Amino acid sequence: MRDYGLCFWSLGDIPLTQKCEIAQNIGVDGVEIEGNIKENPVNLKNTLESYDLKILSVTPDNVDISSPINNVRELAVQYFLDLIDWAVKVGTQRICLHGEVGKVSGSSDSELDWNNLVSSTKKIMDKALKSNIEVVFEVLNRYENHQVVTCKEALKLIDDVNNPNLTVLLDAYHMNIEEQSPINALKQAGDKLGVYHVADSNREQVGNGHANIEEQIKTLHDINYKGPIIMEIMATGPNPFTPVKGNDYIKVLTNFYKESLKLIKKWDQK
């Protein structure tokens, strides 16, 4: 059975129990939680279990694992090493990894930037493998990060890192911006697809934009993808880096998620 989920960060800074109630009301099987390692993982696990919600993945803090500044890069890697320990305690088998959101240009030495990314990822993956944690590298878009913005680039990273626990996270919203064909990108990922995020082309509910989500869901069947479908949708409004889009954003977003889930399940069960 497929797990359907949503990203907790999209609900904004509201109490955990309220997020759980909203997710339960929407009807998802699980959630992608935020990787706040200061939060007690056992308490978080118990709260989610009390609402019958699985932990499908973990959204990490915004850190820079490819920084040319040694101290910045080392602190970023250490965060992920600590996150792996935290993930084990919280009871999930998967975390997400990506470049720093907002870093839209690198240093003057692109080869150094890439080598830093590969080296940092290798260190993270060594511990992930020992801890039996899957790491999905999320492909972003050029307005959020400068390095890995296509499936092809993510697959190169996977080849360079060479660790069986590293897979790729493809997101319908980001693919709409960067991929010539999201369908072909999904096919290219094939058995390396670890997580599929979904929102329409404007990051709103499925059907509010022009992305062919139905065909993407069909392609998941074509490549025999068995992982979760995690919705990462935002309410209507400016500033893509905050989920808060006015006083009624929770109501708007809840409806977006409900309507999207109906369509996704319909297409996924064909």
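Me: How many disulfides does the count come to here?
Reply: Keep in mind that this is a predicted model. A disulfide is a covalent bond between the sulfur atoms of two cysteines, and to count as one here the sulfur atoms must be within 2.5 Å. Going by that rule, the count of disulfides comes to zero.

Me: Why is Cys20 too far for a bond, and which cysteine has the closest sulfur?
Reply: Cys20 is tucked away, as its relative accessibility of 0% makes it buried. A bond would need a sulfur within 2.5 Å, but the closest cysteine sulfur is 14 Å from the one in Cys20, so that's too far. That closest sulfur sits in Cys7.

Me: And what about Cys151: how far away is the nearest cysteine sulfur?
Reply: Cys151 is buried too, with 0% relative accessibility. Cys151 is in no disulfide, and the nearest cysteine sulfur belongs to Cys96. The distance is 15 Å.

Me: Which residues of S1 point the other way from Tyr4 and Leu6?
Reply: In a regular strand the side chains alternate between the two faces of the sheet. Strand S1 covers residues 4-7, and Tyr4 and Leu6 point one way. All of these residues are buried, and the ones pointing the other way are Gly5 and Cys7.

Me: Which residue in S8 stands opposite Tyr4?
Reply: S8 is the strand of residues 229-231, and it runs parallel to S1, with three bridges joining them. Opposite Tyr4 you'll find Ile229.

Me: What is the handedness of the crossover from S1 to S2?
Reply: S1 also pairs with S2 (residues 30-34), in the parallel sense and over three bridges. Here Gly5 stands opposite Gly30. To get from S1 to S2, the chain passes through helix H1 (residues 16-26), and this β-α-β crossover is right-handed.

Definitions and conventions
Residues are numbered from 1 along each chain as its sequence is written. This is a predicted model: local features need pLDDT of at least 70, side-chain atom pairs count only at pLDDT 80 or more; totals for chains, interfaces and linings use all residues. Side-chain values use heavy atoms; hydrogens and water are left out. Buried means under 20% relative accessible area, exposed over 50%, partly exposed in between (1.4 Å probe, protein chains only). Helices (H or I, at least four residues) and strands (E, at least two) are DSSP runs, numbered from the N terminus. Two strands pair if DSSP finds at least two bridges between them. A crossover is right-handed if, with the strands pointing away from the viewer, the path from the first strand over the helix to the second runs clockwise.
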